[in-house]
Amino acid sequence: MLSVNGQPFIAYRTAAGCALSKIQYIYLMPLTNAKFLMRWVISILVLYGVSFHARAADPDSLLNLLSSAQSDSSRLKVLQNLTETYLFRVPDSARIFARRSLSLARRAGYKGYEIDAASQLGISFAVKNQNDSALYYFRLQYALARQADDPERLGRSANHLGTAFISAEQLDSAAFYLLFALERFEQSKNYQGMITCRNNLGLVMENQGRLEQAYEYYRLAFELRKVHGPEARLMFSYSRLGNIHLRKKAFDEAEKDYQACYDLAVKYNQPLEEATALSNLGNVSKEKGLFTPAFNYYTRALERYQAFGQPYFEAFVHNNLGEILNSAGRFSEAADHAAAGLETAMKADNLEQQARANEILAEALFSLRNYEGARKAFQATLTLRDSLIRKEKAGEFARLEARYQNQEQEALLARQDLELEKAAYFRRVMVIGGLAGFFLVAILFLFWRQRQKIKEKEVEMAYQLERTEKESLKELDRLKSNFFANISHEFRTPLTLLISPLQEIREGTFKGSLPKYARIMERNARRLLQLVNQLLDLSRLESGKMELDLQPGDLMQALRAIAGSFESLALIRQISFLVEIPRQPVFVRFDRDKLEKILANLLSNAFKFTREEGHVSFTAVYAEDRLELEVRDDGIGIAEEHLPRLFERFFRRNNPAESDKDGQEGSGIGLALTKELVELHKGSIEAESEPGKGTAFRVVLPFLRLSPGNLAGEDGPVTHLNPPEPVKFRPEPEKTADQEPVVLIAEDNEDIRLYIRDRLSAKYRVLEAADGAEGLKIALREVPDLIISDVIMPGMDGLEFCKAIKTREQTSHIPVILLTAKADHQDKLEGLNTGADDYLIKPFDGQELETRMINLLNQRALLRRRYSQMVFQLKPSDIRLPSADEQFLQRTTRVIEENIDDEEFGVEELAREIGMSRHHLHRKLKALIGQTPVIFIRTIRLERAMQLLQQQVGNASEVAFMVGFSSPAYFSKCFAEHFGYSPSKVNTSGLPAESQDD
């Protein structure tokens with residue numbers, strides 16, 4: 001019998017089908033013992049995998065049928081029915097009939113019966129926890145099913161193997177066969193098999209700690225069970241989902257699952273399942289610290305367990321109650337429950353629960369100052385714990401010995417089977433003509449069996465190889481895609497700053513400073529050249545074509561020259577640059593170009609990520625034929641999780657705190673190339689960093705010192721890699737004319753911002769932001785007329801920025817143009833789906849950008865005139881506009897109507913009710929309908945007055961007070977200006993009386 005913590009695991013079988021129809025739902029209890037969970041699964045092996053149906057026949061009648069059966073097929077049917085009858089009652093008896101069935105099926109050539117007999121033999125060992133023997137026969141079943149090309153039996157055999165490997169704690173092998181079985185069941189639309197495999201795969205994932213995958217498999221099995229039934233089995237799914245939620249501390253979800261399990265148990269009159277569900281609900285309440293509900297649940301569970309005489313579960317619940325009562329300070333009651341738990345645990349012969357009960361009892365007695373009783377209980381706890389450890393070790397030895405005995409027994413049985421087969425075969429050979437035929441057939445049969453085993457191995461290996469190759473190809477495709485996306489983005493920004501100004505210069509429309517833009521274009525051209533050179537260097541390194549060109553020279557002089565090339569950059573950036581290089585010459589053979597590239601990359605990074613008035617230091621030390629270099633800065637630093645990937649190619653940090661002062665993150669090539677060049681020298685490089693405090697790179701390169709006599713042929717002076725010249729731009733004074741449209745530019749590249757600002761500043765008031773987060777703050781504060789935003793920015797990118805603009809009431813009306821280096825159709829759709837009004841791909845044409853801006857602003861002007869007319873033509877509650885703008889105007893109108901009789905209700909009160917500042921409300925209404933808030937409020941009052949006059953609610957003076965006018969004369973003046981005639985002339989049709997036909 002299967003056992004859990006020393007308790008029998010009982011499975012009952014009905015005549016209705018092959019799976020377990022009732023199981024003591026131990027799996028619903030908290031599963032603290034992984035081996036118990038494994039053993040439970042192997043009993044659930046029969047949950048679907050047994051391929052025969054039990055007959056409600058008497059064993060004696062079946063034995064009579066066996067003795068009278070004439071044909072092999074009739075005998076096989078009776079033998080397998082006998083096996084079914086005894087399989088879960090007396091597995092040893094069932095095994096005898098299964099062996100006879102297997103031998104007869106082999107001799108008679110009935111492949112289906114042979115496969116089923118192997119399955120029965122495997123199950124007979126599985127229910128007794130003899131996993132090695134079970135695995136042997138399930139492998140045999142699997143091999144026979146593959147040989148017979150029987151998909152349905154092949155799926156069941158793979159499922160058997162998977163569950164057997166779970167019991168053997170070989171989870172990777174279990175997952176392989178269960179996935180194979182699931183694929184077969186999905187092909188044949190075998191929904192019950194699919195449910196079983198998904199539940200088993202969930203169990204594998206759960207025991208590997210992969211709770212998300214486990215939950216997904218359990219959920220899919222649950223969805224299938226809901227469709228294909230039976231409904232009663234949903235109890236299993238709810239409990240599994242509850243276990244996952246409980247382990248993930250999602251207590252509310254776990255409580256819902258266990259409650260659903262309890263409701264089904266009540267519905268189908270399953271008292272034991274009710275008890276287990278109540279116990280699990282108690283566990284959830286206990287974990288949540290709700291001891292009163294937990295106490296109630298455990299008490300109800302205990303009543304049901306006691307009614308059915310379940311000592312193990314009674315002990316479990318008594319102990320839980322004892323723990324809760326101890327926590328609540330009710331030590332006397334806790335001691336009572338602990339004593340009851342000890343008594344029932346002793347009945348169940350379960351040492352674990354006995355030890356737990358003594359531990360709870362010791363705590364309660366100690367709190368009651370019964371120190372002698374507490375000491376005895378605590379001593380009993382220690383004794384039981386020691387017994388458990390010894391029992392566990394003895395169990396391990398017993399299992400090993402049992403495995404050895406099983407192997408011996410299997411070998412003996414196999415030899416007996418072989419002898420029986422030989423005797424039967426010999427009799428047949430005598431009939432057909434002699435021993436020669438027997439040996440020939442035996443050799444051929446053994447050869448064929450060996451070939452089948454080899455084929456099976458080849459198929460399995462091919463399947464694994466194919467899966468590995470698919471995963472490798474998928475990963476390679478992902479890396480290629482990332483590579484081209486990164487390179488595309490790196491090239492498009494410099495190209496934009498080259499192509500657009502050149503095109504404007506050619507067309508005569510250039511408006512900026514030519515020397516300033518010449519420097520920008522030169523810097524970006526050098527950036528492109530640097531990227532190309534770095535890519536070529538990486539390519540040569542990969543192909544092994546790059547070699548060191550070692551020439552003799554003064555190493556210290558070369559280092560001073562390289563460091564000196566960064567002094568101007570330090571002055572411009574106002575950064576303190578400390579260089580410590582020994583003055584004594586050190587003559588070695590070294591590759592000047594590659595050393596320069598290593599240091600240039602490290603120093604460039606140090607200056608790039610150091611703020612103004614910061615510090616950068618460069619130190620060189622030569623000793624024991626080794627050059628040790630250190631480049632240190634006190635810049636923004638690097639997050640700890642990024643350090644391991646710092647030297648990976650095209651790795652770019654997306655944390656805005658780790659970008660340089662211009663918000664540019666770099667190409668992800670420089671440090672990768674640096675590491676490759678250092679390793680080409682057979683040196684080493686390492687980095688250490690702390691966010692906010694700075695970064696340090698240390699490089700060690702081996703160089704052998706030369707004597708002065710070996711310096712012939714020394715090259716000339718070192719050529720320097722000039723670092724890019726930084727250009728600091730001062731913002732130009734903003735034009736504040738009210739009639740000028742306000743444009744916000746959100747772009748992390750300062751050169752792009754400068755180019756767009758110079759082009760637009762003559763016609764627009766331009767605001768700038770270096771990223772999406774800053775842009776959102778400016779947009780909420782200034783409410784611009786149009787926004788231009790890059791898509792790829794650190795922190796909040798352009799898509800998030802656009803979505804935030806379009807979903808906020810203050811800014812939803814603002815047109816947004818997105819700029820991006822991503823040219824794919826899908827990327828464009830993604831941008832438009834966020835609510836963007838237009839999309840422009842880098843490199844873009846400045847004239848095209850201005851044209852699109854003018855079109856969007858003109859469209860907004862047309863909408864504004866249309867909406868303004870709607871406000872005059874429609875009744876206040878009839879105004880309809882699209883989406884967020886519609887909701888805003890409806891809400892604004894409703895607030896005015898609710899306060900329409902309040903003459904003190906003005907712009908300040910309206911802004912407060914809407915939840916906006918007066919400035920934002922003014923900008924919003926001007927953008928939507930071209931009216932100020934004062935005029936809008938007055939328009940709504942006058943439209944309501946017209947309705948009241950048409951309905952003859954009162955005269956003009958009375959209506960004036962109703963709509964918030966304190967002066968009837970002022971009301972008449974405003975009414976006449978708005979409608980063209982005085983209020984006294986309004987009739988029920990809304991027209992002046994003299995305009996009506998006679």
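1. Contact here means heavy atoms within 4.5 Å. Axes are lines fitted to C-alpha atoms, for helices over the stretch in contact, and angles run from 0 to 180 degrees between N-to-C directions. Helices (H or I, at least four residues) and strands (E, at least two) are DSSP runs, numbered from the N terminus.

2. The model is predicted: local features need pLDDT of at least 70, side-chain atom pairs count only at pLDDT 80 or more, and totals for chains, interfaces and linings use all residues. Residues are numbered from 1 along each chain as its sequence is written, and side-chain values use heavy atoms, with hydrogens and water left out.

3. The protein chain has 35 helices and 16 strands. Of its 998 residues, 49% are buried, where buried means under 20% relative accessible area, exposed over 50%, and partly exposed in between (1.4 Å probe, protein chains only). Among contacts between residues at least 6 apart in sequence, 65% join residues at least 24 apart.

4. Arg 632 in E9 is the bridge partner of Ser 617.

5. Ser 604 is a residue of helix H23. It counts as partly exposed because its relative accessibility is 24%. The side chain of Ser 604 reaches the backbone oxygen of Ala 600 at 2.7 Å. This is a polar contact, that is, a pair of N or O atoms within 3.5 Å; within protein, one must be able to donate a hydrogen and the other to accept it, and residues adjacent in sequence count only if both atoms are side-chain atoms. Ser 604 and Leu 569 are 35 residues apart in sequence, with their C-alpha atoms 9.5 Å apart in space.

6. His 681 sits in the loop between helix H24 (670-680) and strand E10 (684-690). Is His 681 buried or exposed? With 5% relative accessibility, His 681 counts as buried. Leaving out residues up to four places away in sequence, His 681 touches Leu 548, Asp 591, Lys 594, Ile 598, Leu 701, Pro 702 and Phe 703.

7. Another open sheet has 5 strands in the order E13-E12-E14-E15-E16, and its pairing is parallel. Its edge strands are E13 (765-769) and E16 (838-841), each pairing on one side only. The twist averages 20° from one strand to the next.

8. Strand E14 (residues 786-790) and strand E15 (residues 816-820) run parallel and are joined by 4 bridges. Ser 789 stands opposite Leu 818 in E15. Helix H25 (residues 750-760) packs on this sheet, touching strand E12 (742-746), E13, E14 and E15, and its direction makes about 170° with that of E13.

9. In helix H27 (residues 798-807), 7 of the 10 residues are buried, so the helix is largely enclosed by the rest of the structure. The buried residues are Gly 798, Leu 799, Phe 801, Cys 802, Ala 804, Ile 805 and Lys 806. At the start of H27, a side-chain oxygen of Asp 797 comes to within 3.2 Å of the backbone nitrogen of Leu 799.

10. Helix H10 (residues 211-228) packs against helix H11 (residues 234-247) at an angle of about 160°, with their axes 9 Å apart. The two helices are therefore roughly antiparallel to each other (under 35 degrees counts as roughly parallel, over 145 as roughly antiparallel, 65 to 115 as roughly perpendicular and the rest as oblique). Residues in the contact include Tyr 215 and Phe 222 of H10 and Tyr 238 and Leu 241 of H11.

11. Leu 211 lies in H10 and counts as buried because its relative accessibility is 17%. Leu 211 and Ile 244 are 33 residues apart in sequence and 6.6 Å apart in space, C-alpha to C-alpha. Beyond its neighbours within four places in sequence, Leu 211 is in contact with Glu 206, Ile 244, Arg 247 and Lys 248.

Conventions: Pairing = 2+ DSSP bridges.
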